[in-house]
Every structure is written in C-alpha cells, then in structure tokens.
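This report describes the chain shown below, from its overall layout to single residues.

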Amino acid sequence: EAERAYQKVLEILPQSDSAVYLTASSAIISMALQRGDTAAAKQQFSPMQRAAPTHPQTRFLDAQIAAADGNFSRARELLGHVIKIAPDDVRVLLFLGIVEFQLNAPVQAQRHLGKAVSMAPMQILPRQWLARTHLRNGQFDKAKEVLAPLLTSKPVDATTLSIAADANIAAGDFGAAEQLYVAAMKINPND
C-alpha cells in the first residue's frame with residue numbers, strides 16, 4: 001500500500017520537485033530491493049538516475065542494485081563517492097562495510113563497521129557484520145566482545161545468537177555454542 005502511495009506521488013509530481021521526487025523514488029526502489037525484485041528496482045531507478053545522476057541517494061541506490069546483482073566492485077566504487085559526502089552516515093558505513101566483507105577486504109570492512117558500531121552502539125546489523133568480519137579473520141574473542149552488548153539486551157534475535165555460537169565454536173567453547181544454537185532454534189526453528 002505504501003508503494004502505491006509513493007507511485008501516486010510520482011504520477012502527480014513533476015521531477016523538478018527533486019527532494020520529494022527523490023524521496024518517493026528512493027522509497028519505491030528500496031521496497032523493491034527488500035522484496036528481492038531487482039528488475040522492478042532497476043525499472044524505477046532509471047528515471048531517477050536521469051533526473052539526479054550524481055545525487056548521493058542516487059549513487060547509494062545504484063550501489064544497492066549493483067550489490068543485489070552481485071557486482072560488489074561497482075557497489076564499492078559508487079559508495080566511495082557517497083562516503084566522501086556522508087562520512088558519518090551509519091547506513092553508508094554499514095553498507096560499505098558489508099560490501100568490503102563481500103570483497104574479502106577485512107581491514108576496510110573492520111574500519112567501516114567499527115566506525116558504524118562506535119556511532120550507533122546498539123544497532124544490531126553493524127555489530128553482527130563486524131562480528132562476522134572478526135570471525136573471518138580468526139579474531140574469535142573480538143567477535144564475542146562485539147556481540148556481548150546484543151546478547152545482554154532483550155530480546156536477542158536468532159542471527160545474533162547464531163553468530164555468537166559460531167564464535168564460540170571457533171574459540172573451542174562447544175558447550176556455550178550449543179546453548180546459543182538451541183536458543184537461536186527456539187526463536188527461529190526454520191533456520
């Protein structure tokens with residue numbers, strides 16, 4: 001329903017009202033990407049790119065589409081422009097960290113994700129991805145340390161529990177890992 005409302009805004013509003021146009025287009029593209037419909041996102045993105053090709057939000061969405069297509073190098077290139085304009089935007093730092101993780105660039109991933117965690121200490125995704133990065137680098141204790149605040153907050157999600165279990169397995173603490181996996185299975189038995 002929200003998507004239809006944004007479509008209606010785009011039908012009524014000329015592209016010359018750029019702030020509202022970009023907001024509505026961005027929302028529609030983001031919703032399409034969230035439901036995994038890259039084709040719809042690309043279709044909606046094309047006029048936005050023509051209207052505001054160098055706008056940071058255009059580049060950010062272009063990077064999301066590139067990442068959805070598996071083109072992480074292009075996503076990194078586009079986010080390089082965005083991070084210069086928004087160096088303290090947690091959303092940009094998180095996404096760039098994930099892209100660096102996917103490109104197996106752990107130092108860069110840790111830098112961006114670490115900054116995101118320091119700026120938004122209780123946001124779940126930056127902590128999860130930083131922990132994954134530490135795990136990939138064999139830094140099991142750091143992974144557990146990064147997740148600790150999430151494990152003491154309520155409610156704890158299944159993904160956090162699973163990553164913490166992986167960190168405990170890697171560190172050789174199989175008993176703790178089993179308890180964490182059991183807790184994760186209770187929350188999300190289909191995963």
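## Overall layout

From the N terminus on, the elements run α-α-α-α-α-α-α-α-α-α-α. The model is a predicted one, and its secondary structure comes to 11 helices and zero strands. The C-alpha trace spans about 60 × 35 × 25 Å along its principal axes.

The chain has 191 residues, and buried residues make up 40% of them. Among contacts with a separation of 6 or more, 45% are between residues 24 or more positions apart.

## Nonpolar cores

In soluble globular proteins, nonpolar side chains tend to be buried together. In this chain the largest nonpolar core has 24 residues. Leu-113, Trp-129, Ala-131 and Leu-147 are the residues with the most contacts inside this core. At least two residues of the core are supplied by each of α6, α7, α8 (124-136), α9 (140-152), α10 and α11. The largest share, six residues, comes from α10.

Not counting residues up to four places away in sequence, Ala-131 touches Ala-143, Val-146, Leu-147 and Ile-163. Another core, of 17 residues, lies apart from the largest one. Among the residues of this other core are Ala-67, Val-82, Val-90 and Leu-93.

## Packing of α10 and α11

Two packed helices are described by the angle between their axes and the distance between the axes. For helix α10 (residues 158-170) and helix α11 (residues 174-187), the angle is about 165° and the axes are 8 Å apart. Angles over 145 degrees count as roughly antiparallel, and α10 and α11 are therefore roughly antiparallel to each other. The crossing in which α10 passes α11 is left-handed.

On the α10 side, the contact is formed by Ala-158, Leu-161, Ser-162, Ala-164, Ala-165, Asp-166, Asn-168 and Ile-169. These meet Phe-174, Ala-176, Ala-177, Leu-180, Tyr-181, Ala-183, Ala-184 and Ile-187 in α11. By class, the residues of this contact divide into 13 nonpolar, two polar and one charged.

## The loop between α6 and α7

Ala-105 lies in the loop between α6 (90-102) and α7 (106-119). With a relative accessible area of 8%, Ala-105 is buried, because the cut-off for buried is under 20%. Apart from residues up to four places away in sequence, Ala-105 touches Arg-76 and Glu-100. The C-alpha atoms of Ala-105 and Lys-42 are separated by 27 Å, and these two residues are 63 residues apart along the chain.

Asn-104 is also placed in the loop between α6 and α7. At 53% relative accessibility, Asn-104 counts as exposed, because the cut-off for exposed is over 50%.

## Backbone exceptions

Most residues other than glycine have a negative phi, and most peptide bonds are trans. Asn-104 has a positive phi, near 55°. A cis peptide bond joins Lys-154 and Pro-155, with omega about -5°. Pro-155 is placed in the loop between α9 and α10.

## Thr-38 in α3

Thr-38 has its place in helix α3 (residues 38-51). Its relative accessible area is 17%, so Thr-38 is buried. Leaving aside neighbours within four places in sequence, Thr-38 is in contact with Ile-65, Ala-68 and Asp-69.

Methods: Residues are numbered from 1 along each chain as its sequence is written. This is a predicted model: local features need pLDDT of at least 70, side-chain atom pairs count only at pLDDT 80 or more; totals for chains, interfaces and linings use all residues. Side-chain values use heavy atoms; hydrogens and water are left out. Helices (H or I, at least four residues) and strands (E, at least two) are DSSP runs, numbered from the N terminus. Buried means under 20% relative accessible area, exposed over 50%, partly exposed in between (1.4 Å probe, protein chains only). Contact means heavy atoms within 4.5 Å. Axes are lines fitted to C-alpha atoms, for helices over the stretch in contact, and angles run from 0 to 180 degrees between N-to-C directions. Angles under 35 degrees count as roughly parallel, over 145 as roughly antiparallel, 65 to 115 as roughly perpendicular and the rest as oblique. A crossing is left-handed if the near helix is turned anticlockwise from the far one by less than a right angle, and right-handed if clockwise. Ala, Val, Leu, Ile, Met, Phe, Trp, Tyr, Cys and Pro count as nonpolar, Asp, Glu, Lys and Arg as charged, and the others, Gly among them, as polar. A nonpolar core is a set of buried Ala, Val, Leu, Ile, Met, Phe, Trp, Tyr and Cys residues joined through side-chain atoms within 4.5 Å.
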